[in-house]
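Please look through the sequence and the model below before reading on. The report that follows takes up a few parts of the chain in turn.

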Amino acid sequence: MPLSRRSALSRIIAAGAASIFWQPNRLFAAQPATGSWHHHLGQASDLLGRRFSLDMHMHPALFPVKDIPRSSNPRPYRGDDVFAARIQGMREGHMWCGFFSPVVDAPVLGMTPQGPAMVRPFERGEAWSEFKRQMAVLDDLLRRNDVVKAATVTDVETAHAAGKIAAIVSCEGGDHIEDKPERVEEMVAAGVRSLQIYHVAPNSLVKTDGTRDSGLSDIGRATLREMNRIGLLADLAHASFETTAEAAEITTQPILSTHSLVRAADGSAHGFGMTVEHARIIAATGGVIGTFGGVGGGMAGFIEHTLRLIDTVGIDHVGIGTDMDGTGNMPAAFDRYPLLPEATARLLASGLDEDEVARVIGGNIARVLDDAQAGTNES
Ligand SMILES: [Zn+2]
């Protein structure tokens, strides 16, 4: 799998622009016209009208915890009005579509000094009913906000042509699989297109000591094979290097990491900051890594991380994963959709051409969705 076909970073340096990458504090200082993103806003808006865009990870208004019966989670649902405002923001910012993500382990999570952690076990069958409960909550919100529930890129394009926002359902956490990989089929029937194997609570799909995942369990392997067979995409965001490497080894389809970052130089492979090797394992399957929106430094910081990812895995393997309303205590750089034109303009200003920017804002994830669909049709 080819890695970086050209280095975004070296292009910036070669162009001699006052680089946001190296001098973030000089972002608004005098700099060559070619380096100023403001000059690219018109081009960005024009591009966004024509090219498919998709946020790879979002929980607008924290809908997964709406009407939640039993939760220790201190962050409540933000309200139907906030959900509606997010959809309106997608219209204004030209974000055509998103992976709307239920969070299956939400009822068993609580905030600890170390961050979110499991504070009680699931009762038998509880995770499956929680999955179905959140799907019903989401379906209701989508219907009331005139959002089209989409399964394919064509569905999204049709919705866009009709002036509508589209939602693809992507499930965070595989807790509800329990010991039944065959539930994958029911998930797909309910409209889910991607499953994040592991979130925070230890689940049956991974080997775990109760605090971290260290590979796929037998049930996890069987589930991944079933997902490949049926065309349900595997998302390895939050998973450890070991779990990701095992999934990459056995998968027959590209794998995703919907909201992640790559660290410049760091030993830890867990969580949002991946090592270079970790990121390249995902890219080598043909997959896509969405830049996590919970970074510091505002939009300049978000673009810095996006360019670092492009530099690490190549332009064909990077997307956007804002984690809208889900970043918790982390500072959210991409915290509203009307920022998409600015993000697009900044990518253009960095020296990427229109076609490359179009791949990052949605073209790459569209390719993976199309391929998974084609794979199912053939089998
Ligand atoms: Zn999330």
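## A hairpin to begin with

Which residue is the bridge partner of Met-111 in strand 4? In this model, which is a predicted one, the partner of Met-111 is Pro-116. This pair belongs to strand 3, residues 109-112, and strand 4, residues 115-118, which run antiparallel and are joined by 4 bridges. Between strand 3 and strand 4 there are 2 residues, and the two strands form a hairpin.

## The chain as a whole

The chain has 379 residues, of which 51% count as buried, and its secondary structure comes to 12 helices and 14 strands. When contacts with a separation of 6 or more are considered, 73% of them are between residues 24 or more positions apart.

The pLDDT of the chain averages 88, and 88% of the residues score at least 70. Over residues 1-34, however, the pLDDT is below 50, and this stretch has 52 contacts in the model beyond near neighbours in sequence. The pLDDT is also below 50 over residues 266-271, a stretch with 10 contacts beyond near neighbours in sequence.

## Strand 7 and its partners

Strand 7 covers residues 192-196, and because 5 of its 5 residues are buried, this strand is largely enclosed by the rest of the structure. One of its partners is strand 6, residues 166-172, which runs parallel to strand 7 and is joined to it by 4 bridges; within this pairing, Ser-170 has Ser-194 of strand 7 as its bridge partner. To pass from strand 6 to strand 7 the chain goes through helix 6, residues 183-189, in a β-α-β crossover that is right-handed.

Strand 7 is also joined by 3 bridges to strand 10, residues 233-235, and these two strands run parallel as well. Here the bridge partner of Gln-196 is Asp-235 in strand 10.

## Leu-232, a residue in a loop

Leu-232 is found in the loop between helix 7, residues 218-230, and strand 10. Is Leu-232 buried or exposed? A residue counts as buried if 20 or more other C-beta atoms lie within 10 Å of its own, and Leu-232 has 24 C-beta neighbours inside 10 Å, so Leu-232 counts as buried.

Leaving aside neighbours within four places in sequence, the residues in contact with Leu-232 include Val-192, Arg-193, Ser-194 and Leu-195, and also Val-184, Met-187 and Val-188. The C-alpha atom of Leu-232 is separated by 9.4 Å from that of Gln-253, a residue 21 residues apart from Leu-232 along the chain.

Helix 3 is made of the 14 residues 80-93, and at 1.5 Å a residue it should span 20 Å, which agrees with the 20 Å between its end C-alpha atoms. The residues Phe-83, Arg-86, Ile-87, Met-90 and Gly-93 of helix 3 are buried. Why are they on the same side of helix 3? They cover an arc of only 135° around the axis, and therefore they lie on the same side of the helix. The buried residues of helix 3 pack against helix 4, residues 126-144, and helix 11, residues 340-349.

In helix 8, residues 241-250, the buried residues are Thr-243, Thr-244, Glu-246, Ala-247 and Ala-248. The elements against which the buried residues of helix 8 pack include strand 8, strand 9, strand 10 and strand 11, together with helix 7 and helix 9.

Most residues other than glycine have a negative phi. His-94, which follows helix 3, is not a glycine, and yet its phi is positive, at about 65°. Its place is in the loop between helix 3 and strand 2, residues 97-100, and because His-94 has 21 C-beta neighbours inside 10 Å, this residue counts as buried.

Glu-178 is not a glycine either, and its phi is positive at about 50°. Where in the chain is the place of Glu-178? Glu-178 is in the loop between strand 6 and helix 6. With 18 other C-beta atoms within 10 Å, Glu-178 is partly exposed.

Definitions and conventions:
Residues are numbered from 1 along each chain as its sequence is written. This is a predicted model: local features need pLDDT of at least 70, side-chain atom pairs count only at pLDDT 80 or more; totals for chains, interfaces and linings use all residues. A residue is buried if 20 or more other C-beta atoms lie within 10 Å of its own, exposed if 12 or fewer, and partly exposed in between; C-beta atoms are placed from the backbone. Two strands pair if DSSP finds at least two bridges between them. A crossover is right-handed if, with the strands pointing away from the viewer, the path from the first strand over the helix to the second runs clockwise. pLDDT is the predictor's confidence in each residue, from 0 to 100. Two residues are in contact if their C-beta atoms, placed from the backbone, lie within 7 Å. The expected span of a helix is 1.5 Å times one less than its number of residues. The arc is that of the directions from the helix axis to the C-beta atoms.
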